[in-house]
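Please walk through the structure shown below, with attention to its surface, its helices and its aromatic rings.

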Amino acid sequence: AGALTAVPWVLSLGNPSAKDDPEGYARGLTSAAHAVSGYLYLAGLISLLFGLLALYAYLARTRASSGAGAGMIASVVGIALALPAFGITRLGDTVLADLYLDGHRDLGAAMGLLPDLTVTYRTTAYFGLFVVVCLIGAIAYAVAVWKSGSRPRWAGVLVGAGFGLSMTLSPGLAWAGALCLVIGGVWLARNVSQAPSAG
């Protein structure tokens with residue numbers, strides 16, 4: 001999940017802005033690389049969802065089961081809110097870019113506005129809601145791993161921090177989140193796989 005959610009931010013480096021170069025921006029949005037990176041990001045969010053459900057399944061058998069349950073519920077709700085938001089902004093901007101390149105130059109001013117959180121209070125409220133819900137889930141998971149006493153505490157903190165940071169719209173924070181997810185996820189997975197089985 002960490003690697004998949006980091007890819008789109010890497011591919012977006014050096015892209016022209018919609019305001020300064022609408023033609024270049026539209027061509028970038030309609031490129032194969034942009035389409036692939038969007039699908040990889042959505043695949044990363046889905047992988048993150050399955051990873052967090054697996055973490056809950058493990059933590060549900062520990063003394064931190066209630067905190068893990070809260071983390072699981074908030075995480076599922078947060079990712080469920082995030083998936084359509086990222087999908088709609090990505091698809092909507094690409095449709096506008098297609099129309100712009102087909103000769104509808106009046107749409108140049110609209111390109112790039114969908115992901116802009118400052119355009120309207122509706123986008124600010126929606127994106128803010130899922131970021132806050134995801135942060136609640138991330139903190140609950142980190143605390144649950146810490147309290148479980150059976151897994152590396154700092155691995156849980158890294159996974160929680162990675163989850164929370166990955167849901168932001170800032171490239172720097174998203175890269176840091178991806179790195180935390182990879183390190184914390186591998187650390188937890190290796191620790192669980194090396195633990196003696198209960199049966």
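Is W187 buried, partly exposed or exposed? In this predicted model, W187 has a relative accessible area of 37%, and because buried means under 20% and exposed over 50%, W187 counts as partly exposed. The residue is found in helix α7. Together with W146, W154, L179 and I183, W187 forms a nonpolar patch on the surface, whose accessible area is about 540 Å² in total. Helix α7, residues 171-194, supplies the largest share of this patch, with three residues.

Helix α6 covers residues 153-166 and has 14 residues. Buried residues in α6 are A155, G156, V159, G160, G162, F163, G164 and S166.

The aromatic side chains come next. The structure holds seven aromatic pairs. In one of them, the ring centres of Y126 and F127 are 6.5 Å apart with the planes at 80°, so this pair is edge-to-face. Y126 is partly exposed, at a relative accessible area of 32%, whereas F127 is buried, at 7%. Y126 also pairs with F130: the centres lie 6.4 Å apart and the planes meet at 70°, so this pair too is edge-to-face. Both Y126 and F130 belong to helix α5 (residues 121-148), where they are four residues apart, about one turn of the helix. An α-helix has 3.6 residues a turn, so residues three or four places apart point the same way. F130 is buried, with 0% relative accessibility. Ring pairs join Y126, F127 and F130 with Y41 and F86 into a cluster.

Another ring contact involves a charge: the charged end of R105 sits over the ring of Y100, 4.5 Å from the ring centre.

How values were computed: Residues numbered from 1 in each chain as written. Heavy atoms only, no water. Patch = residues over 30% accessible without salt bridge, like charges linked within 9 Å, V, L, I, M, F, W, Y side chains within 5 Å. Areas by Shrake-Rupley, 256 points an atom, 1.4 Å probe, with all protein chains shown as cover. Salt bridge = Lys/Arg side-chain N within 4 Å of Asp/Glu carboxyl O. Helix = DSSP H or I, 4+ residues; strand = E, 2+ residues; numbered from the N terminus. Buried < 20%, exposed > 50% of the residue type's maximum accessible area, 1.4 Å probe, protein only. Expected span 1.5 Å × (residues − 1). Phe/Tyr/Trp six-rings, centres within 6.5 Å; stacked < 30°, edge-to-face > 60°. Lys NZ or Arg CZ within 6 Å of the ring centre and 35° of its normal.
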